[in-house]
2 protein chains.
Amino acid sequence: MTNISDSLDSLIEELSSLPQIGRKTARRLAMFIIKQPREKIEKLSKSLLDVKDKIKFCKICCNITENEICKICSSEKRDRTVICIVEEPQDVLAIEKTNEYKGLYHVLHGRISPLDGIGPEDIKLKELLDRLNESGSPKIEELILALNPTVEGETTILYLQKLLKPLGIKVSRIARGLPVGSDIELADEVTLAKAIEGRIPC
Amino acid sequence: MTNISDSLDSLIEELSSLPQIGRKTARRLAMFIIKQPREKIEKLSKSLLDVKDKIKFCKICCNITENEICKICSSEKRDRTVICIVEEPQDVLAIEKTNEYKGLYHVLHGRISPLDGIGPEDIKLKELLDRLNESGSPKIEELILALNPTVEGETTILYLQKLLKPLGIKVSRIARGLPVGSDIELADEVTLAKAIEGRIPC
């Protein structure tokens, strides 16, 4: 409560409900906003609603898009025999930036996390199974699990492995190992163990 | 560029133009916004414009307010013989939180910073002088300079000292010293020197 103005207090309230924005940052942002020209804030305000109005989830891969089917799913250039399964839309952005992967995606919109009360039915698993069971051509040959190497990510991977086994499709997961440019001496034991375990012939 | 949606790109653009929000945080915020119910985002969007429409600068002290004259300037309970000069409205909030100061304020909305091209005419100095020269009663007896202990703050203090000297009003500055709960061993030399210089009898 700044005790200065209700509109200011309510803006600070709204801003600090956003992720990664604490009370002090919210206050600093609000002060910045007060000093900006109205047109700039109008633009920001409009952008917020625009995104809510225009962005939908792709009917095939559940990624975000402005159309029914996203650009990746509708592209002729992508390899339709591989699906990379990720937790969130931003993971698609990160993988696309590498320019290495040319297959399709499936966005789960979350990860299984019993502690947070998030079960398999709360993420887009049904959509994945429907997609795999569809008699589309070409046939899916590989599923790449690109989930975060966290407890929840691992839980989800275990669940997916069980779920996908009966389908007879090759399932792989992205490598855990040392980040490029890092130092073996400073690596944590688990990462180093996974890096050794996942060694590849050179 | 996410290459997914123009509305998303433009929201990320707008968000990352805010202070303390980099590109990655902007992207994370945008993804969060996509997943929120529309009413929540409508509220945020409205709050932004509300603040722009309702907040004005107090005609006396230049602090932010929803009225012509701010709550502090119009309060009967404040000591009208002391003015505390601060850089920004958030500094008023910080000082008010201490519950120690009962005088008035003057908000400069900036500091003199030749490197950034901000001169004395770019901050609310004219308003301060007008206020001091006004034949109001009671007479101002003390001006407390509560500017940040930075190069720019010091520059502004030097300028203010020269400017205010002819008026014959007592001018003081808030103490520089060790933060409460800190450690002499870990203090930087300049702070420690200022703490010794500014010692008070006990």
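A salt bridge here is a side-chain nitrogen of Lys or Arg within 4 Å of a carboxyl oxygen of Asp or Glu. This is a predicted model, in which local features need pLDDT of at least 70 and side-chain atom pairs count only at pLDDT 80 or more, while totals for chains, interfaces and linings use all residues. Residues are numbered from 1 along each chain as its sequence is written, chains are lettered from A in the order in which they are written, and side-chain values use heavy atoms, with hydrogens and water left out.

Q: How many salt bridges does the rule find across the interface of chain B and chain A?
A: Let's begin with the whole structure, where a search over all chains finds 34 salt bridges. One pair that bridges the two chains is B:K35 with A:E88, at 2.5 Å from N to O. Across the interface of chain B and chain A, the count is 6.

Q: Which element of chain B gives the largest share of the side that touches chain A?
A: Contact (heavy atoms within 4.5 Å) links 55 residues of chain B with 55 residues of chain A. Between the two chains there are also 19 residue pairs in polar contact, both at pLDDT 80 or more; such a contact is a pair of N or O atoms within 3.5 Å, where within protein one must be able to donate a hydrogen and the other to accept it, and residues adjacent in sequence count only if both atoms are side-chain atoms. Helices (H or I, at least four residues) are DSSP runs, numbered from the N terminus. With 15 residues, the largest share comes from helix 3 of chain B.

Q: Why are A:K194 and A:E197 separated by about one helical turn?
A: The side chains of this pair form a salt bridge at 3.7 Å, N to O. A:K194 is partly exposed at 25% relative accessibility, whereas A:E197 is exposed at 57%. They are about one turn apart because they sit 3 residues apart in helix 8 (residues 189-197) of chain A.

Notes: Helix = DSSP H or I, 4+ residues; strand = E, 2+ residues; numbered from the N terminus. Buried < 20%, exposed > 50% of the residue type's maximum accessible area, 1.4 Å probe, protein only. Contact = heavy atoms within 4.5 Å.
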